[in-house]
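Subject: The structure for you to look at

Hello,

Here is the structure I promised to pass on, followed by some notes on what turned up in it. Please keep it open beside you while you read.

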Amino acid sequence: MRLIYKEGDRYHDYFLRSKKISIGRGPKCDLVLFDTTVSKEHVHIYYDKEQKEAIIKDLGSSNGTLLNGQRIKEVVLEDGDIIQIGQTKMIFTTYEDKIDEEEIEQILGAEDEQAESAALRPFLVIEDEEGVRNFPLGFENITIGYKSGNDIVIKGKGISRFHSEIYFEDNQWWIKDLDSTNGTFVNGQKIEEPHRLEVGDQIQIGDIFIRFEIPQEKKLLQRFMALDPKLKIPIIAGGLFLLSLILFSLFSGQDTSQPHQKIKNPKISKLILKGIHYLKNEQYPKAAEYFKKVSLKYPSQEAFSLLHQISIQLNQLDILDFKKWDLLKKRLEKLKNLIGENQDSLEFIEEKIELVKREKKFYSLYQKALKLSDSIELSRLEDAHKIFAHLEKNSLTLNKKSRNQRILLEEKISKKYITLAKAYSNSVDPNWTKAWRCYKQALEYVKENPGLTTEIKSLIEECRKEMQAKKNYEEAYNMYQKSKFAQARKYLRRIPSDSYYAEKARYIQKDIENLDKLGTALSKYREGEGEEALEILEEIPGMEALYLRRRIQTVLQWMKLARSCRQNNPALARKYYKKIIDLERKYNSPQKNYYYQTAKSQYQRLGKSFSSSAFVRKQFRAGERALQKQDYPAAFDAFDLAVSNDDSGQYRKKIQKKIQALAKSLFQQAQIFLKYAKRNPNQTLKLKKLAKGIYRLLIHFLPPQHPYLKKAKRALNKL
């Protein structure tokens, strides 16, 4: 489904695609009609694609909507319906193929006098983001601005809500500024009072250009042919008079060449060259005024009109919308064809064409850089910064914008690098090298910010100190691990007290001091000064000091017990001396230990004072009897004495073999004792003592890999 309508001398098709199509004079309509008799939003057409149905609805327009000659409000359209909106007629058809224009002309008929009259009025050529469009002027006042209440709504930079007004007065068209913020310009000059418009005047509102034009000659001819024959005679006579003037000017040296023909008249070339001289010296307002005057004197010379428009655009290069650069390029190329072989003018025009081409490429780069600058990736931001720096240096029109974007981007990139550097420096394991590199990168982007430059330099110096402190700490730790404490202390002294590694260095320093004290305590103990060693160990934290303290306390206690029973019970004394010997052998270098040497000599001396073999045999048999009577604590004591005084080791093997054979039954018996202990509170202590005796037998006399050894240890720990 489509609408066929006529605009100017051509017929246009408008296909119905969306569900709702708005038609009117306003720029926001889907289909804009340049007809002063059409309301801003005249009708809506609702299109149902599934039902293949279209409904037209009048929106309370001033002049109404006609369908097949009848005024309507809301009607379903049928194939072939003729719609009249203001002075514009349309055909609604469901036929998709092209229709011959003669058939359309027969259906619509010729335009009436009122429509032709409207076509004879001046119009505005508007160039904005929507493209190039025409707006015919009526006799009512026309307001221009970005707010929706204006007759012409335009959007762009530097446009006020109600910016300018165009009106008809004293048979002239005028424009005035409505106290806008940035003013209204005509041919590059700001107007303070109402300004009379002339054909070809270039109006600038913000960054939008509007041209004031008159109707085409074809329309005037149609108007002339429609006049009464009596009125045609004086008009024809006037025309002949004008023709004679043109012929006279031709022979007097005045230019009458047709547009699009190369300029060969030396006088015209000389006039163009004079204006080009103003342009070369960048006197654009003066050139615009000059070419305007010359174009009025020589209206048939299109080159002057083009140069007038080019001068205005060159004057506004820094604020020129880049969508209009194509228009400037076309004008320059057209002018190049008209100039002919005037070398000076051609060089200037070719130079400006190259400028336009180059600036268009720069504009593409600028747009690319803007997209990159919205990214969060540092690499893309840096690419954008390079582009902006390049444009700032090389672009004629984008240098200021690129500089502003570069400065904003440098702040953004520097903040990114500073954030990244802080993340590296504030992590659990700081990486000062990467943080230092990030700060160095950030410094490259803040050269124009002295305050931030000083701050980043101080952060770089801090990173450098921390890098050196880390190196000293690693060397000190390495020496500490190798027990080279003197060298470790040398590196620790080089770490500043306010460094991140100062606390870690204090821990190593403290450990070294504790290890020194631990060594002193061990030396005291080996020399036989156990009590003094214990006093030193009381001040030292850590498990190593705790184990040494327990070891010394155990040896001192056994030594005391052995001495107390040495006279009355030599066998028991030998047992304690044997324990000291076994314990010291476990910790290596027993020959240098006073307590080991003492225990060993006493053990050997007591062994000679009584028959150890008979004593061992007696204790072994006592242990067997206690085991049969289920007196497990007594059995453990007897077996322990036998093993302690058995120099040959044969009784130890017998006891181990016996306990290993009874391991399972003994462990089950201990479990039974504990079970009964819970039921009989009065017997709890006795039964637990028996269970403990079994566990000690298993722990002391079972081999290391035996399964009941681990079970016995766990059970004893619970008790």
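Two strands are said to pair if DSSP finds at least two bridges between them. Helices (H or I, at least four residues) and strands (E, at least two) are DSSP runs, numbered from the N terminus. This is a predicted model, so local features need pLDDT of at least 70 and side-chain atom pairs count only at pLDDT 80 or more, while totals for chains, interfaces and linings use all residues. Residues are numbered from 1 along each chain as its sequence is written, and side-chain values use heavy atoms, with hydrogens and water left out.

Let's begin with the whole protein. It has 24 helices and 22 strands. Of its 719 residues, 44% count as buried (under 20% relative accessible area; exposed is over 50%, partly exposed in between, with a 1.4 Å probe and protein chains only).

Which residue of β17 stands opposite I166? It is I175. The strands β16 (residues 164-169) and β17 (residues 172-177) run antiparallel and are joined by six bridges. Two residues lie between them in the hairpin, where D170 takes a positive phi near 55°.

Is H42 buried or exposed? At 0% relative accessibility, H42 counts as buried. Its side chain makes a polar contact of 3.0 Å with the side chain of S61 (a pair of N or O atoms within 3.5 Å; within protein, one must be able to donate a hydrogen and the other to accept it, and residues adjacent in sequence count only if both atoms are side-chain atoms).

Finally, the charged pairs. Side chains of opposite charge can pair when their charged atoms come close. The structure holds 24 salt bridges (a side-chain nitrogen of Lys or Arg within 4 Å of a carboxyl oxygen of Asp or Glu). One of them joins K40 and D151, with the closest N and O atoms 3.9 Å apart. K40 lies in the loop between β4 and β5 and D151 in the loop between β14 and β15, so the pair ties together parts that are 111 residues apart in sequence. K40 is partly exposed at 29%, whereas D151 is buried at 15%. In helix α11, E410 and R406 sit four residues apart, about one turn of the helix, and their salt bridge has its closest N and O atoms 2.8 Å apart. E392, R403, R406 and E410 are linked in a network of salt bridges.

Enjoy exploring!
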